[in-house]
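Here is a short note for a colleague who is new to reading structures. Please keep the model open while going through the points.

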Amino acid sequence: KDHSLLFVCIGFVGFFSLGYEILWTRVFLLLLGNTTHAFSMMLGAYLVGIALGGGLYGILVKAETDNRKLFTRLVLGLGLSILLTAPFYDRLSYVFQVAYEASNEAWSLYVVLSFGIVFIIMAVPTILSGAALPAVVNIVSSGQENLGRRVGMVVFCNTLGAVIGSLLAGLLLIPHLGILNSFQLIAFINLM
């Protein structure tokens, strides 16, 4: 069975995921500063979301699940979640200000509260993205012939898309379109 279109689609999921991650990095670095703590929070939230998505997929999906429909819904949800939230990112400075005031200048509490904010913003898109990869692996894993090759192609295409997404977001989209327009463009492509 030819899975070429599915390989392209999972490549786009990698493109969207890392494109969004680069854009989130720019948003949060403006708010948290250019520190290793800020970058660690963002990367940690991203990876936790991806892992939760994969774990939830493993727990919730049943043998009778139509993984093609599920994959489509996951990708649509990914784009919609960005389109609905990105216009409000400019108000995050107020949220971080509240976190700072609530921490009463206790650095460790502020870091925990900041991580919570970052995770809440990134949770839905990263969880959906994290569930998309195993959905595609499940689709291509029917039959034993060339199974390793097919699963390897899923990972390869997803990783290649992620590399392209991060490069385009960081080097082309942000300088030419700005952060919000870049989020919206990638999300629009995501929905298409």
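How far apart are the mean positions of the positive and negative charges of the protein?

1. Charges. The model discussed here is predicted. The protein has 9 positive and 8 negative charges, and their mean positions are 11 Å apart.

2. Elements. The protein has 7 helices and 0 strands. Read from the N terminus on, the order of elements is α-α-α-α-α-α-α. With a radius of gyration of 18 Å, close to the 16 Å that the globule rule gives for 192 residues, the protein is as compact as a globular protein of that length.

3. Overall dimensions and surface. Along the principal axes, the C-alpha atoms fill a box of roughly 60 × 35 × 25 Å. Of the 192 residues, 40% are buried.

4. Contacts along the sequence. Take the contacts between residues at least 6 apart in sequence: 78% of these join residues at least 24 apart.

5. Helix H1. This helix covers residues 4-32, which is 29 residues. From its first C-alpha to its last it reaches 41 Å, close to the 42 Å expected at 1.5 Å a residue. After H1 comes Gly 33, with a positive phi near 90°.

6. Arg 26. This residue is in helix H1. Is Arg 26 buried or exposed, or does it fall in between? Its relative accessible area is 39%; buried means under 20% and exposed over 50%, so Arg 26 is partly exposed. Leaving aside neighbours within four places in sequence, Arg 26 is in contact with Ile 174 and Ile 179.

7. The loop between H4 and H5. Helix H4 spans 92-103 and helix H5 spans 107-140, and Asn 104 is found in the loop between them. Glu 105 has its place in that loop too. As for accessibility, Asn 104 is exposed at a relative accessible area of 67%, and Glu 105 counts as exposed at 65%.

8. Ile 186. This residue lies in helix H7, residues 179-191. Its relative accessible area is 1%, so Ile 186 is buried. Which residues does Ile 186 touch, not counting those up to four places away in sequence? They are Phe 15, Phe 16, Gly 19, Tyr 20, Leu 23, Ala 169 and Leu 173.

9. A point on helix geometry. An α-helix has 3.6 residues a turn, so residues three or four places apart point the same way.

Conventions. Residues numbered from 1 in each chain as written. Predicted model: local features only at pLDDT ≥ 70, side-chain atom pairs only at ≥ 80, totals over all residues. Heavy atoms only, no water. Helix = DSSP H or I, 4+ residues; strand = E, 2+ residues; numbered from the N terminus. Rg over C-alpha atoms; globule rule 2.2 N^0.38 Å. Buried < 20%, exposed > 50% of the residue type's maximum accessible area, 1.4 Å probe, protein only. Contact = heavy atoms within 4.5 Å. Lys, Arg positive; Asp, Glu negative; His and termini not counted. Charge placed at Lys NZ, Arg CZ, Asp CG, Glu CD. Expected span 1.5 Å × (residues − 1).
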